[in-house]
Structures are given as structure tokens and as C-alpha cells.
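These are my notebook entries on one structure. I looked up a few things in turn and wrote down what I found.

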Amino acid sequence: MHDFRYSGGQLVCEQVQIRALVERFGTPLYVYSSRTLREHFGRLNAALEPLDRWVCYAVKANSNLAVLRTLANEGSGFDIVSEGELRRVIAAGGDPGKCVFAGVGKTEAEIEFALKKGIYSFNVESEPELQRLNRVAEKLRKVAPFALRVNPNVDAGTHAKITTGTYENKFGIAFEEIEKIYRRAAKLKNVRARGLQMHIGSQLTEVEPFRHAVEKVVPLVQSLSTRHSLEFFSIGGGIGIVYDPALASGDPQWWKENPAARNILTPATYAEHLQPMLKPLGLRILLEPGRFIVGNAGALITRVEFVKRTGRKNFVIVDAAMNDLIRPAFYDAYHEIVPLRRKAGATISSDVVGPICESGDYFAKDRPLPKVGEGDLLALLSAGAYGSVMASNYNSRALPAEVLVDGDNFAVVRPRQKLEAIWASEKVPAWLKRR
Ligand code: LLP
């Protein structure tokens, strides 16, 4: 559920008319709802209430400082993957003591920084990484808390580019190897086992892969926790969201009436299946949701530049492009597209495309859309996660502006990048004289 809906025929985010934001800040424009962020964090946190649980928001999904501050104020911990992300969390007022550090390639410098900041756990993905962690900690005369990331070898059945829990992937340590490595780690002086971690993939819309993985890993956690006195078990992120039809799913009534909604993974279903297995462990349970918290909380607003009809197609050419939101090009992802001003009447099968010179630069293909024309405004929904964070300057296009809404209040949380800023740090060598 989320806070983008029509009111008086106009798309609003909470109590703010999006058209008014566009008039002030232009397009392409990312718009985020604070209320959705807080509500999604709260729903997940509440669903797991009987457990000692930490929801550690996966910063990679959307790392804007305002998003991080909103979640830090709700008591969120953070799942980080780089020094940059840890610095962001600190800049936003988050607690490093509630940060877990994931990733297969942590550098010595990153480990050193995170150790000095006192993060909660390094989620270690290989034995060489464990040795590096021990070495860096020894140099700093510290003891590094760690969790091994177990690869449970279960197929999450999601898109190939975002599945992580099988032996085909670079992630984690094989299930069969885990106990041996904890035993070896116990002999290292500057690391201390604090937990066990797993993450099987992203945008999982069914509970079954989670249930299967937790069921498989629980006996391992049990045996490790007695031998190595573990404090936590992290079951990772990955809870999927509704992309289609995202707008309808913002309406509580839709959840009551739509039979399909029953099959969609909700915090309640997630908790209902996992809690009975997790509770008896008596450990702190960590979650690392990214998309679930922020995905439906954001939309990318774009303006129609031209409508181009060819013999076969109706191309709606908009001013946002794959550099602003790469998900359709990269993962064949679906984002619902709606006009800011509700339009009744017939739809027309359209390709919504950006101005970049690549055929991959599209947001939708053969999508039934209301008839639109030059100057019309469209919203690409559910663009809060892996949207602005994956944006680039490809084609020397400036990064879009971002606005956070809270009730009837709003603020720019990242101004539109100035074109000159794109090349401001580039240098032409002195020998290349201007001719
Ligand atoms: N924990 C770990 C260790 C992860 O690798 C990830 C995501 C998460 C948590 C958060 O997963 P989430 O709850 O957001 O599904 N760019 C892709 C998604 C990449 C996910 C990478 N890892 C997309 O746009 O679909």
C-alpha cells in the first residue's frame, strides 16, 4: 500500500498535487512519500513483534539522506555495502552500531573505517575476507564482530540478475562449509562470531523460498549458536512488492477485494510462516529489506515530448530515460505508468521510450495507455527502490531532482544536477593545447 492516488482527477502524493511539484521543480522528477516509508517500516517491524528483531534497511535501494533520516528516526538499522553508504548513514544521523556490512569485495580501507565506527557486524562472504578482517582488526587492536553469509543453495525463482541464493552465484559460503569455517575462525584472535546471515534474492513475491531457506538453515543456526554463542540470525531482504497494478494496490479496498492480493507476499504472511521457526532460536532476528520499504514510496514523473506514430507503433517519447531509471532496460522490469491527470476513454497500445540512442531505452512496450500528447505528464510508479540510486550521467544527462513529501509539506531532497557539474571534475591534460 502506498500514498499515490487520484484526488479530484489529479495524481497526488499524500496531500500534495504532483503537478504543482512539477511546476516548481521540472521533470524528470522523483517524488517520495514519507508516510509510505514510515508505514512500510512500521508494518514489517510490527509483524515480527514477538521476536527480538532489527529491521536493517538496505541502503542500496535508496540512499538519499532524507530517506535514511526518516528511517533512522523510526529506529531502523542499516544494511550497507560500502564505505560510502556507511558515511551516508552517519551523515543522516543513523547509528553505526546498528549497521551490518555486506558484500563480497570489502577493501581493507573500508573494513578499517567500519571497524573504527563500531558497526554491529561484518557479513563475511568468504574465508579470505575473514582473514583480511582479522588482519585489519589486529592492526587496529580491535576484535571484529562477524557473521558468515550462508548460501543455502535454494532457488528463489526471481530474475536471474537478482537471485543470490544458489551455488551459481558469487554470494556467501556454501552451506556445507559453514561449520568448518566458524571452527577455524574461533582460532583467530581478532574476530568474534556474532551471528549468521543469509539473503536468497530480491523481489520475491512468494513466501515459499523464504520458508524453504529458513527451514534449511535453522538447524545450522541452532548448532552454531550453542558452540559459538551467536547473538543474531539475519534472514536478509528480498520481500517483493506489487508493481502491477501498483496504483490500485495503494487502495486498502483493493487488498480486500482483489483475489490476487491473497497471493502477494505481505509482512503478515511472511511473519506467519517464518516466526514459528525463528522464535525458538531465542536469537535476535535481523531483516534487510530495501525494496519493500521504499519501492512503492517513490514515483518518477516525466513529460511527454512527442508522440510518434509509425506504421506499427505508437511511440510516446518522454523526457526521462534509462539513465534515470534503468530497471526496465536492465531487468525487463514492469513499472505502472499513469497520467497525472486522470483520463477516461479508450486506451492505445504504446511504447513509452526515452530520448537516448539505444533500443534498450524504454519504460514500457505495447502497453495500453490513455491517449496522451505533447506536454502531458506521466508517472512511473513504484520507482522508489533502485531508481535514483542507479541513475547515471549517460548521454551527459543531468541527474533528476528529488522531492520528499510529508502530509501537505514537501522539500527538495536533491536539487536537479547542473549540467556543468557533470564534467566539473574532469581535466584536460596540459599537453592537449586548444587548437
Ligand atoms: N541484503 C543483501 C545482502 C542484498 O544483497 C540485498 C539486495 C538486500 C538485502 C535488499 O534486497 P531487497 O529487500 O531490496 O530485495 N537493482 C535490483 C535489485 C538488486 C538487489 C541487490 N541486493 C532491482 O532493481 O531489482
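Entry 1, salt bridges. I took a salt bridge to be a side-chain nitrogen of Lys or Arg within 4 Å of a carboxyl oxygen of Asp or Glu. Side chains of opposite charge can pair when their charged atoms come close. I noted that the model is predicted, that local features need pLDDT of at least 70, that side-chain atom pairs count only at pLDDT 80 or more, and that totals for chains, interfaces and linings use all residues. Residues are numbered from 1 along each chain as its sequence is written, and side-chain values use heavy atoms, with hydrogens and water left out.

The structure holds 22 salt bridges. I looked up three of them.

In one, Arg227 and Glu179 meet through their side chains, at 3.2 Å from N to O. Arg227 is in helix H8 (residues 208-228) and Glu179 is in helix H7 (residues 178-185), so the pair ties together parts that are 48 residues apart in sequence. For exposure I used relative accessible area: buried is under 20%, exposed is over 50%, and partly exposed is in between (1.4 Å probe, protein chains only). Arg227 is exposed at 52%, and Glu179 is partly exposed at 26%.

Next I looked up Arg284 and Glu231, which form a salt bridge at 3.5 Å, N to O. Arg284 lies in strand E13 (residues 284-287) and Glu231 in the loop between H8 and E12, so this pair ties together parts that are 53 residues apart in sequence. Arg284 counts as buried at 19% relative accessibility, while Glu231 is partly exposed at 30%. I also found that Asp52, Arg194, Glu231 and Arg284 are linked in a network of salt bridges.

Lys343 is in the loop between strand E16 (337-339) and strand E17 (347-353), and Asp376 is in the loop between E18 and strand E19 (377-380), so the pair ties together parts that are 33 residues apart in sequence. Lys343 is partly exposed at 26%; Asp376 is buried at 17%.

The chain is divided into domain 1 (103-287) and domain 2 (296-422), with bounds that come from an automatic or database domain assignment. Their C-alpha centres lie 33 Å apart. The contact takes 10 residues from domain 1 and 11 residues from domain 2, where contact means heavy atoms within 4.5 Å.

How much area is buried between domain 1 and domain 2? I noted about 1000 Å², of which carbon and sulfur atoms give 56%. Buried area here is the accessible area (1.4 Å probe) that two parts lose on being put together, summed over both. In domain 1, Lys161, Tyr243 and Leu247 lose the most area to domain 2, together 49% of what that side buries.

Which residues of H4 (residues 83-91) are buried? They are Glu85, Leu86 and Val89. These residues cover an arc of only 100° around the axis, which puts them on the same side of H4. The arc is that of the directions from the helix axis to the C-beta atoms. The buried residues pack against helix H3 (65-73), strand E6 (77-80), strand E7 (99-101) and helix H5 (108-117). Just after H4, Gly93 has a positive phi of about 95°.

I found a cis peptide bond between Thr27 and Pro28, with omega about -10°. Pro28 sits in the loop between helix H1 (18-25) and strand E4 (29-33). Another cis peptide bond joins Asp244 and Pro245, with omega about -5°.

Asn153 is not a glycine, yet its phi is positive, about 55°. Asn153 is partly exposed at 36%.

Is Ile301 buried or exposed? Ile301 is buried, at 0% relative accessibility. Ile301 and Arg19 are 282 residues apart in sequence, and 9.3 Å apart in space from C-alpha to C-alpha. Not counting residues up to four places away in sequence, Ile301 touches several residues, among them Thr27 and Pro28.

Definitions and conventions:
Helices (H or I, at least four residues) and strands (E, at least two) are DSSP runs, numbered from the N terminus.
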